[in-house]
Amino acid sequence: MFTGPLQALVDELGRLPGIGPKSAQRIAFHLLKVAPEDAMRLAEAIVDVKERITLCPRCFNVAEGDLCAICSDDRRDGTMLCVVEDPRDIVAVEKTQEFRGRYHVLHGALNPLEGVGPDQLRVKELLGRLDDEAITEIILCTNPNLEGEATAMYLARLLKPLGLSVTRIASGLPVGGDLEYADELTLGRALEGRREVDA
Amino acid sequence: MAISTLWLSDFRCFADAEFRPDPEGLTVLRGPNGAGKTSILEAVGWLATQRSIRGAARDVLVRSGTDRAVVRAETSVAGRAVLVESEIPVSGPARTQVNRQPVRRRSELADALNVTVFAPNDLDLVQGGPAGRREYLDDVLVARHARLDALVTEVDRILRQRAAVLRQAGGRPDSAIAATLDVWDERLGAAGTELAVERESLAAELTEPAGRAYERLAGVAQPVTLEYRRSWTGDLVAALGSARPDDVRRQVTSVGPHRDDLDLALGPRPTRTHASQGEQRCVALALRLASHELRRGDLAEAPVLLLDDVFSELDATRAAALVELLPPGQVLLTTAVDPPPVVHAGRVVTVEGGRLTGVPDAPGVSGATEVIAAPSGGGGS
Ligand SMILES: [Zn+2]
């Protein structure tokens, strides 16, 4: 145990993903040593992100202010919608410069073992958008692993009967992988080679 | 493929031990029961398959009073030295590395260390439930191709996901649950059928070498047949659909590759119910020899053979036949009794109370370092 505030910092750091007790201590002692302005910049960045960044009420991407940058951009093609698991996947797709439509973030994938069913994902909100917007094509860009594929299949079965064109990014992405880590070229090709899903 | 040196720290009863088997031929590990000789084979088996050859839980592999075991082996693969290491904590995942690179799939280990195990509980292959026979097939599939390794893992995960949905349904599925089940059934239909097809063709491939091995072990020519029996007929998705009302009520998945079996027969007779214990033992050994032969054909180099206490279970004739059937390559053999005269050990190591004696030039070994038996010719070197 360390003295009050130091232990509190170690505890808080230790609750972050991927940071074990040893790393938490190392980071805490590092922050103790750095110049006060460096530590304050980190503290401000954390406060800023919590105060100024919210989820876009339309697509659930991260947003500053009301709608996210993509939803409020009139030059985007409003007929195409790319469905992803995580806001980080938007960054990955954007890097390919292959997609000019808009997005919808599910915030996860079907994973009954972790208690994630359709109700825990932004599926109802996705269906709501189909009424409000002029969407004609949906591209399912969930991760190419078991849960991502199951989610894509679930959505395809839900959306196909509504008369939309539903496509899945082509295989060629490393199986079992994470969209976030796919390189631009591979992901770009996968988007280009997307195919209609049978449901 | 051969093990040059094996190091154990806090593994089973070994606080710290180093073991250098004969690099090309046969090493005999002698000692009374409970002395720790099987633990040496278990350590090698762990490195190759990430599982105990005795089916032991992971925490019992760690020496009591310590929180983690470490097993390391330097192997020689096509003349190249490869380092395989595994850290086994009492709880939490084990970490395994090949040449300091983390290993994520069992198939990645296949190039560094490959084993075939013969153990007294092999009789369970014939006498026991279907799980052991499915595992026998899957072990070969997993070691053969990374794709099949991924397939076996995927089927297992789909089954666990489906089980979670059935638990959530609590016997009364609404339409939302049904829609989710449809998706998992579809996945299981595809992956499960693919796995059944792979197991079927493997069973067919094993039939001929198993029959040959049986004939030489038992001294009589009798065809051994391996027939894979699916738990469903026709389309798996359709079968899952028909079984769903029952499955939902009982919260189980009643059809699929996890309910299949491998039927074994000796001539026209099913071995489980219509063979003597001696015949069953020979069939079990023949199955091991057959899969070993297949693996030898797949790989540039023969897997290391681990023979745990096989002589106590066999009469002298069959023991001699088994030794003569062993293909060339590194063999580690444990025995509590005198090995039959046909055994030509390149090295003999005595194991007692977590200590190894008879290991030449091993400064790290506690206890004496006297060579108990010198090479007596043969042994493949
Ligand atoms: Zn948005």
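Colleague: Which strands does helix α9 of chain B lie across?

Modeller: Helices (H or I, at least four residues) and strands (E, at least two) are DSSP runs, numbered from the N terminus. Here helix α9 (residues 277–298) of chain B lies across β8 and β12 of chain B. Angles run from 0 to 180 degrees between N-to-C directions, and axes are lines fitted to C-alpha atoms, for helices over the stretch in contact. On that scale α9 of chain B runs at about 175 degrees to β8(B). This is a predicted model, in which local features need pLDDT of at least 70 and side-chain atom pairs count only at pLDDT 80 or more, while totals for chains, interfaces and linings use all residues. Residues are numbered from 1 along each chain as its sequence is written, and chains are lettered from A and ligands numbered from 1 in the order in which they are written.

Colleague: What is the strand order of the open sheet of six strands in chain B?

Modeller: Two strands pair if DSSP finds at least two bridges between them. The order in this sheet is β8-β12-β13-β3-β14-β15 (chain B), and the pairing is mixed. Its edge strands, each pairing on one side only, are β8 (115–118) and β15 (355–357) of chain B. Neighbouring strands of the sheet are turned by 20 degrees against each other on average, direction ignored. Inside the order, strand β3 (residues 26–30) of chain B and strand β14 (residues 347–352) of chain B run parallel and are joined by four bridges. R30(B) stands opposite T350(B) in β14(B). Another helix, α1(B), lies across β3, β8, β12 (304–308), β13 (331–335) and β14 of chain B, at about 145 degrees to β12(B).

Colleague: In which sense do β1 and β2 of chain B pair?

Modeller: Strand β1 (residues 2–11) of chain B and strand β2 (residues 14–19) of chain B pair in the antiparallel sense, over five bridges. L6(B) stands opposite F19(B) in β2(B). The hairpin has two residues between the strands, and R12(B) takes a positive phi near 50 degrees there.

Colleague: Is L61(B) buried or exposed?

Modeller: A residue is buried if 20 or more other C-beta atoms lie within 10 Å of its own, exposed if 12 or fewer, and partly exposed in between, with C-beta atoms placed from the backbone. L61(B) is buried, because 23 other C-beta atoms lie within 10 Å. Its place is the loop between α1 (37–49) and β4 (68–77) of chain B. Two residues are in contact if their C-beta atoms, placed from the backbone, lie within 7 Å. Leaving aside neighbours within four places in sequence, the contacts of L61(B) include F11(B), R12(B), W46(B) and I88(B).

Colleague: And how does K50(A) count, buried or exposed?

Modeller: K50(A) counts as exposed, because it has 9 C-beta neighbours inside 10 Å. This residue belongs to helix α3 (residues 36–52) of chain A. Of the 199 residues of chain A, 29% count as buried.

Colleague: What is the strand order of the open sheet of five strands in chain A?

Modeller: The order is β4-β3-β5-β6-β7 (chain A), with mixed pairing. At the edges, each pairing on one side only, are β4 (101–105) and β7 (195–196) of chain A. Strand β3 (residues 77–84) of chain A pairs in the parallel sense with strand β5 (residues 137–140) of chain A over four bridges. The bridge partner of V83(A) in β5(A) is L140(A). α6(A) packs on the sheet, touching β3, β5 and β6 (165–168) of chain A, and its direction makes about 165 degrees with that of β5(A).

Colleague: At what angle do α6(A) and α6(B) pack?

Modeller: Helix α6 (residues 146–159) of chain A and helix α6 (residues 175–218) of chain B pack at about 125 degrees, their axes 9 Å apart. Angles under 35 degrees count as roughly parallel, over 145 as roughly antiparallel, 65 to 115 as roughly perpendicular and the rest as oblique. α6(A) and α6(B) are therefore oblique to each other. Among the residues that meet there are M153(A) and Y154(A) in α6(A), and V183(B) and W184(B) in α6(B).

Colleague: How many residues of chain A are in contact with chain B?

Modeller: 12 residues of chain A are in contact with 17 residues of chain B.
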